[in-house]
Amino acid sequence: QVQLVESGGGVVQTGGSLRLSCAASGRTFSSYAMGWFRQAPGKERTFVATISRDGDNKYYAESVKGRFTISRDNAKNSVYLQMNGLKPEDTAVYYCAVGPWGGFHRGEYDYWGQGTQVTVSS
């Protein structure tokens, strides 16, 4: 059974940093793109970042460019999201996901984690 588990969320002040991790099990995802999405209360789940299977291509939402960095370690079957310069508007539940070729849309991903809460205080 495939399982993705996020960790690293928490409460941080504006300008702080957090590093999210997502560990996958039950299947090797070295041939899959991996990504991060987030969802604030009452809002849609939106794209944050994605990384290609070889790690050569990375794409970010405009709102996080220059602040967030996505990376992966295929040996560990994991994907990470380093978040710097956090803002209150970054507050959301963050989800990792994997899909055959990634993309910016939820429908392009096959597996999802349960999410980890990130709260940024003013």
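In this predicted model, Cys 96 comes out as buried, since its relative accessibility is 0%. Its partner is Cys 22: the two form a disulfide, with 1.9 Å between their sulfur atoms. Cys 22 is buried too, again at 0% relative accessibility. The count for the structure is 1 disulfide. A disulfide, for anyone who wants a reminder, is a covalent bond between the sulfur atoms of two cysteines. Here the torsion about the S-S bond of Cys 22 and Cys 96 is about 50°, so the disulfide is right-handed. Cys 22 sits in strand 3 (residues 18-25) and Cys 96 in strand 9 (residues 92-99), so the pair ties together parts that lie 74 residues apart in sequence.

In general, strands of a sheet pair through backbone hydrogen bonds, either parallel or antiparallel. Strand 3 and strand 8 (residues 78-83) run antiparallel and are joined by 6 bridges. Ser 21, for its part, stands opposite Tyr 80 in strand 8.

Leu 20 is another residue of strand 3. With a relative accessible area of 0%, Leu 20 is buried. Leaving aside neighbours within four places in sequence, Leu 20 is in contact with a list of residues that includes Ser 7, Trp 36, Tyr 80, Leu 81, Tyr 94 and Val 118. Also among the contacts of Leu 20 are Gly 8, Gly 9 and Met 83. Pro 100 makes a handy reference point: Leu 20 and Pro 100 are 80 residues apart in sequence, and 22 Å separates them in space, C-alpha to C-alpha.

Next come the aromatic rings. The structure holds 8 aromatic pairs. One of them is formed by Phe 37 and Tyr 109, an edge-to-face pair with 5.3 Å centre to centre and 80° between the planes. This pair links distant parts of the chain, 72 residues apart: Phe 37 is in strand 4 (residues 33-39), while Tyr 109 is in the loop between strand 9 and strand 10 (111-112). Phe 37 counts as buried at 1% relative accessibility, and Tyr 109 counts as buried at 5%.

Phe 47 and Phe 104 form an aromatic pair as well, this one tilted, at 4.9 Å centre to centre with 50° between the planes. Phe 47 belongs to strand 5 (residues 46-51) and Phe 104 to the loop between strand 9 and strand 10, so the pair ties together parts 57 residues apart in sequence. Phe 47 is buried, with a relative accessible area of 14%, whereas Phe 104 is partly exposed, at 46%.

Arg 45 lies over the face of Trp 112, at 5.2 Å from the ring centre. The charged end of Arg 45 also sits over the ring of Tyr 95, 3.6 Å from the centre of that ring.

Terms used:
Residues numbered from 1 in each chain as written. Predicted model: local features only at pLDDT ≥ 70, side-chain atom pairs only at ≥ 80, totals over all residues. Heavy atoms only, no water. Disulfide = S-S within 2.5 Å. Helix = DSSP H or I, 4+ residues; strand = E, 2+ residues; numbered from the N terminus. Buried < 20%, exposed > 50% of the residue type's maximum accessible area, 1.4 Å probe, protein only. Pairing = 2+ DSSP bridges. Phe/Tyr/Trp six-rings, centres within 6.5 Å; stacked < 30°, edge-to-face > 60°. Lys NZ or Arg CZ within 6 Å of the ring centre and 35° of its normal. Contact = heavy atoms within 4.5 Å.
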